[in-house]
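Reader: I have a model open and want to go through it in order. Can we start with a pocket and then move on to the strands?

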Amino acid sequence: MFETDNNAPCTFEPVCGKPSGTQSIERAANILREIASYNDQGLRLSDLSTILKLERPTIHRILSCLVREGLVMQDPVTRHYMLGHGLFELGLTAATQFKLKALCRPSMARLAEATGEMAFLTIRSNRDAISIERVEGTRPVNAPVIEIGVHRPLGVGAGSLALMMLLPDDEISRLCDLNAKRLIKYGGLSTPKLLKIIRQSQDIGYAVHDGNLIPGFSGVGTVINDHKGAPLCALSVTLVCDSISTAKHQEIISLLRQESRTIQNLIYQSGGLMN
């Protein structure tokens, strides 16, 4: 069971130079994003205070409101905060308005069949990446792989890497610094190692990684643009092996680019995902 604080007041102090309502919404949004980034184990109030550089009473007041609204929940044993059921319900409601997964699924199925490997669809969420769909290949996979719906640092995974490599250098460095402490859980990944992988991908013009990024897995990825030409998401293929030959990843990127163009044409013809 998770606790809620039904007696907590939902009031916030005015902030000089900015309306308190706007300031509070921004802070609440930042809190939700940080919790999402660590949602597998959650975050303590003190963690959020340190990360966001806000006083504990301020964080606590906002958290109390979010808990009361069901957007955040607190484990009564560890006292860690995690995303609540309310966000899941809102997500289900919003999902019906977006056609991204439906548009991409046929292409992903063709990729999985042609390669025998797993195809992933990945989106960016601030400093993170989230795989929102996966299609299994013909080869059985017994090892755990990138989980669907779980936040991970941007750059970790082929699709995530494809989204990150297109960013300006200063933004890449900033994101690596923000995620530095989280990278180590991925086989001891470090900022210099990730930056090296990003540069290698930029040099060849598409995202490719071996077991140095995620031990036991290799992958190839490319970006899908929206109807205005801006990066929307990434399509990737993940293999259960520590390395792949140049010929193999060139074969896979050719298939990925073909399916990426197919999806982009569908998005363009529909005038965007909201139409």
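Reader: Which residues line the second largest pocket?
Author: Its lining consists of Tyr38, Leu43, Asp47, Thr50, Ile51, Lys53, Arg127, Leu178, Lys181 and Arg182. A pocket here is an open set of points on a 1 Å grid over the protein atoms alone, where a 1.4 Å probe fits, with protein on both sides within 12 Å along at least five of seven lines; lining residues have an atom within 4 Å of a point.

Reader: What kind of model is this, before I go on?
Author: It is a predicted model, in which local features need pLDDT of at least 70 and side-chain atom pairs count only at pLDDT 80 or more, while totals for chains, interfaces and linings use all residues. Residues are numbered from 1 along each chain as its sequence is written, and side-chain values use heavy atoms, with hydrogens and water left out.

Reader: Which classes of residue make up that lining?
Author: Five charged, four nonpolar and one polar. Asp, Glu, Lys and Arg count as charged; Ala, Val, Leu, Ile, Met, Phe, Trp, Tyr, Cys and Pro as nonpolar; the others, Gly among them, as polar.

Reader: And why does the pocket lie between the two domains?
Author: Because domain 1 (21-90) and domain 2 (98-270) both give residues to its lining. The domain bounds come from an automatic or database domain assignment.

Reader: Change of topic. How many disulfides?
Author: The count is zero, taking a disulfide as a pair of cysteine sulfur atoms within 2.5 Å.

Reader: Is Cys233 buried or exposed?
Author: Buried, at 0% relative accessibility. Buried means under 20% relative accessible area, exposed over 50%, and partly exposed in between (1.4 Å probe, protein chains only). Cys241 is partly exposed, at 23%.

Reader: How many residues of strand 8 are buried?
Author: Seven of the nine in strand 8 (residues 231-239). Strands are DSSP runs of E with at least two residues, numbered from the N terminus.

Reader: What stands opposite Ser236?
Author: Phe120 stands opposite Ser236, and Gly221 has Ser236 as its bridge partner. Phe120 lies in strand 3 and is buried at 1% relative accessibility.

Note on methods:
Helix = DSSP H or I, 4+ residues; strand = E, 2+ residues; numbered from the N terminus. Pairing = 2+ DSSP bridges.
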